[in-house]
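Here are some notes to read alongside the model, meant for someone meeting it for the first time. Please keep the viewer open as you go through the points.

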Amino acid sequence: MREPIGGRGVLEGAFALLEALDEHGGQAGLTQLVRATGLPKTTVHRLLDQLADLGAVERAGRGYRIGSRVFRLGRFWLPELRGLAKERLPSLSARMRASLVLVVPREGRALVAAGAVLPADDVPVWPGRPLPPGTAAGRLLAAHHPALAEPDTDALEIRAAGYAAETETITEGLCCAAVGIRTPDGRVGAALAAVLPARRDPVSAVAGLTSTARSFGAALAECSRPNRAG
């Protein structure tokens, strides 16, 4: 990557560093960030200093981590949808005895928006985290948004069935099922997934997910509407 000079290049370089920090678990050293972004060391050092002055990153020992300002700004991502998830997913999770994850298509990827995780499960539900390839939610969204992934041979079947499922594809001992959340105009704009022990049939979770997904449609439409504040 060429060294950013100004304008868009500076912004792209800054966001590349923030993405690299996220991919390293929120904290990384200078050498790791240079390697991850492909930017010259002097550019990385300069941009990190600027980001630190703005509160977007913080110095942590001999490295850097995501700063408080980024966290504060990120709290207002998809407020209607995440608010509804906070209100409804914990009770549904307890009733279904399954961890739940709400996923949206953004930036050409399937990103976690919210979730409710059972204590025994190790399911990462950090908002903004991209899903690894092959998840039920990712495949469900890719079936309706082909730009998210390589073409899936099961895309037509997923669209016809209205759900996607997988067993131990991502994590040993766990299976997953996902259904689409449709806006009032019929578009699938998000996915709701249940993570279950592999001994359970993931398809058994589809009915419970579908009834809840309907209630999320209006909130999803509100999130997608441009210039809501006028």
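**Notes on the structure**

1. C176 is buried, with a relative accessible area of 7%; buried means under 20% relative accessible area, exposed means over 50%, and partly exposed is what lies in between, with a 1.4 Å probe and protein chains only. C175 counts as buried too, because its relative accessibility is 1%. Please note that this is a predicted model, in which local features need pLDDT of at least 70 and side-chain atom pairs count only at pLDDT 80 or more, while totals for chains, interfaces and linings use all residues. Residues are numbered from 1 along each chain as its sequence is written, and side-chain values use heavy atoms, with hydrogens and water left out.

2. How many disulfides does a search of the whole structure find? The search finds 0, a disulfide being a pair of cysteine sulfur atoms within 2.5 Å. C175 is in no disulfide, and the nearest cysteine sulfur to its own, that of C176, is 7.6 Å away. C176 is likewise in no disulfide, with the sulfur of C175 as its nearest cysteine sulfur.

3. Next, have a look at S99, which lies in strand β4 (residues 99–106). Helices (H or I, at least four residues) and strands (E, at least two) are DSSP runs, numbered from the N terminus. S99 counts as buried because its relative accessibility is 0%. Its side chain reaches the backbone nitrogen of L118 at 3.0 Å. Setting aside neighbours within four places in sequence, S99 is in contact (heavy atoms within 4.5 Å) with residues including S93, A116, L118, D121, V123 and V195.

4. V57 is found in strand β2 (residues 57–60) and counts as buried, at 2% relative accessibility. With neighbours within four places in sequence left aside, the residues in contact with V57 include L18, L21, L48, L51, Y64 and I66. V57 and R69 are 12 residues apart along the chain, and their C-alpha atoms are separated by 7.9 Å.

5. The largest pocket has a volume of about 1400 Å³. On a 1 Å grid over the protein atoms alone, a pocket is an open set of points where a 1.4 Å probe fits, with protein on both sides within 12 Å along at least five of seven lines, and lining residues have an atom within 4 Å of a point. Grid points are joined across faces, edges and corners, and a volume is the space filled by probe spheres set on the points. There are 34 lining residues, of which D22, I66, V70, P127 and G128 lie nearest the centre of this pocket. The elements that give two or more residues to this lining are α1 (8–23), α3 (41–54), β3 (63–66), α4 (68–74) and β5 (109–116). The largest share, 8 residues, comes from α1.

6. What classes of residue make up the lining of the largest pocket? The lining has 18 nonpolar, 5 polar and 11 charged residues. Here Ala, Val, Leu, Ile, Met, Phe, Trp, Tyr, Cys and Pro count as nonpolar, Asp, Glu, Lys and Arg as charged, and the others, Gly among them, as polar.

7. The second largest pocket has a volume of about 300 Å³. It is lined by 19 residues, and the closest to its centre are V123, L131, T135, I170 and V195. Two or more lining residues come from each of β4, β7 (174–182) and β8 (188–197), with the largest share, 3 residues, from β7. The lining divides into 14 nonpolar, 2 polar and 3 charged residues.

8. Is helix α6 mostly covered or mostly uncovered? It is mostly covered, with 8 of its 9 residues buried. G138 lies in this helix (residues 136–144) and counts as buried, at 16% relative accessibility. Not counting residues up to four places away in sequence, G138 touches A110 and L131. Elements that cover the buried residues of α6 include β4, β5, α7 (155–161), β6 (163–167), β7 and β8.

9. Finally, two loop residues deserve a look. E107, in the loop between β4 and β5, has a positive phi of about 55° although it is not a glycine, and E107 counts as exposed at 60% relative accessibility. E168 is in the loop between β6 and β7; its phi is also positive, near 55°, in a residue other than glycine. E168 counts as partly exposed, because its relative accessibility is 41%.

Methods
Polar contact = N/O pair within 3.5 Å; in protein donor to acceptor, adjacent residues only side chain to side chain.
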